[in-house]
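Thank you all for coming; I would like to walk through one structure this morning, element by element. Please have the sequence and the coordinates open while I talk.

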Amino acid sequence: MRRLLTGGSGRLGRVLRGLLPDLLCPTSQELDVTDEGSVLRMVREVQPAVIVHAAAFTDVAAAERERARCWNVNVNGTRHVAQAAREVGAKLVHLSSDYVFDGQRGDYAEDDPPGIPTTYYGLTKLVAEEAARLSPAHLILRTSFRPSPFPHAAAFSDLYTGQDYLDVIAPEIALAVEHALEIRDPILHIVTERKSVFELARRRSPLVREGRRDETSLHLPADVSLKTARWASLKAEWSGR
């Protein structure tokens, strides 16, 4: 079974390539998600059964300054990949974000309405989810991860999340990719337990300073923690076979 990965040179993509060595990983020159023709040529050539779409513009602060570029990569890029997946009959596994939610209450389930995202990045990821649905066979994975150690001097104690470190989240994503063709859910949440970003940071970077969301000019959501019962149930089913 052929599985094609977009964004193979990105942070998540590099780890997935190590976890799933059979992934086909064209370079951004070979497959430019912002170029519809480039995407179609590669997908037609490879004829994958699964396309893992990890290519994205993920810098939340830069997205506010570079809105056109962020939209082009996240929305137009996803539309191009979804259209190509539909043409060849591939299942699209689309990597999305907890930032599609407005963050007013947290503990969101897969079918909860997202509200209005508080960041431009979150808006593009929400619209990208709708673009992913152009592929009749699709699986949207909402997730969130950080590199380790925590990359900033301060972390917010009033921003709650299910985010975890990349080495924790990536194996879970890889497992979902391995089972993609048998997963019937259109959306799954793959994160860990609810915690503040400060709590997460201190686990591996004990010198990180406690910060608050009002220290940044970004209007960040207060609580984007996610329910993960569906994902836990699937894993229990597979392990019981």
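This is a predicted model: local features need pLDDT of at least 70, side-chain atom pairs count only at pLDDT 80 or more; totals for chains, interfaces and linings use all residues.

**A covered strand, a helix start and some salt bridges**

Let me begin with strand 3, which is mostly covered, since seven of its seven residues are buried; by buried I mean under 20% relative accessible area, with exposed meaning over 50% and partly exposed in between, for a 1.4 Å probe and protein chains only. Helices (H or I, at least four residues) and strands (E, at least two) are DSSP runs, numbered from the N terminus. Residues are numbered from 1 along each chain as its sequence is written, and side-chain values use heavy atoms, with hydrogens and water left out.

In a regular strand the side chains alternate between the two faces of the sheet. In strand 3 both faces are covered, with K91, V93, L95 and S97 buried on one side and L92, H94 and S96 buried on the other.

What does strand 3 pair with? On one hand there is strand 2 (residues 50-53), which pairs with strand 3 in the parallel sense over four bridges, and there V50 stands opposite K91. On the other hand there is strand 4 (residues 138-143), which runs parallel to strand 3 and is joined to it by six bridges, with H138 as the bridge partner of L92. Two strands are said to pair here if DSSP finds at least two bridges between them. Strand 3, helix 5 (residues 120-132) and strand 4 together make a right-handed β-α-β unit, where right-handed means that, with the strands pointing away from the viewer, the path from the first strand over the helix to the second runs clockwise.

Which residues is H94 in contact with, once its neighbours within four places in sequence are left aside? They are H53, T78, K125, A128, E129, A132, L139, I140 and L141, contact being defined as heavy atoms within 4.5 Å.

Now to helix 2, where S38 has its place. S38 is buried at a relative accessible area of 5%, and, not counting residues up to four places away in sequence, S38 touches E30, L31 and D32. The side chain of S38 reaches the backbone nitrogen of D32 at 2.9 Å; I count as a polar contact a pair of N or O atoms within 3.5 Å, where within protein one must be able to donate a hydrogen and the other to accept it, and where residues adjacent in sequence count only if both atoms are side-chain atoms. At the start of helix 2, a side-chain oxygen of D35 comes to within 3.0 Å of the backbone nitrogen of G37. The buried residues in helix 2 are S38, V39, L40, M42, V43 and V46, and what covers them includes strand 1, strand 2 and helix 4 (67-88). After helix 2 comes Q47, whose phi is positive, near 55 degrees.

Let me turn to charged pairs. A search of the whole structure finds 19 salt bridges, each defined as a side-chain nitrogen of Lys or Arg within 4 Å of a carboxyl oxygen of Asp or Glu. One of them joins D22 to R3, with the closest N and O atoms 2.8 Å apart. D22 lies in the loop between helix 1 (11-19) and helix 2 (36-46), while R3 lies in strand 1 (residues 3-6), so the pair ties together parts that are 19 residues apart in sequence. D22 counts as partly exposed at 39% relative accessibility, whereas R3, at 8%, counts as buried.

A second salt bridge brings the side chains of R204 and D167 together at 2.6 Å, N to O. This pair links distant parts of the chain, R204 being in helix 7 (residues 197-204) and D167 in helix 6 (residues 166-178), 37 residues apart. R204 is partly exposed at 33% relative accessibility, and D167 is also partly exposed, at 45%.

Finally, the UniProt record, an unreviewed entry, carries the annotation "domain: RmlD-like substrate binding" over residues 1-144; UniProt positions are given in the numbering used here, feature names are shortened, and annotations may be inferred rather than shown by experiment.
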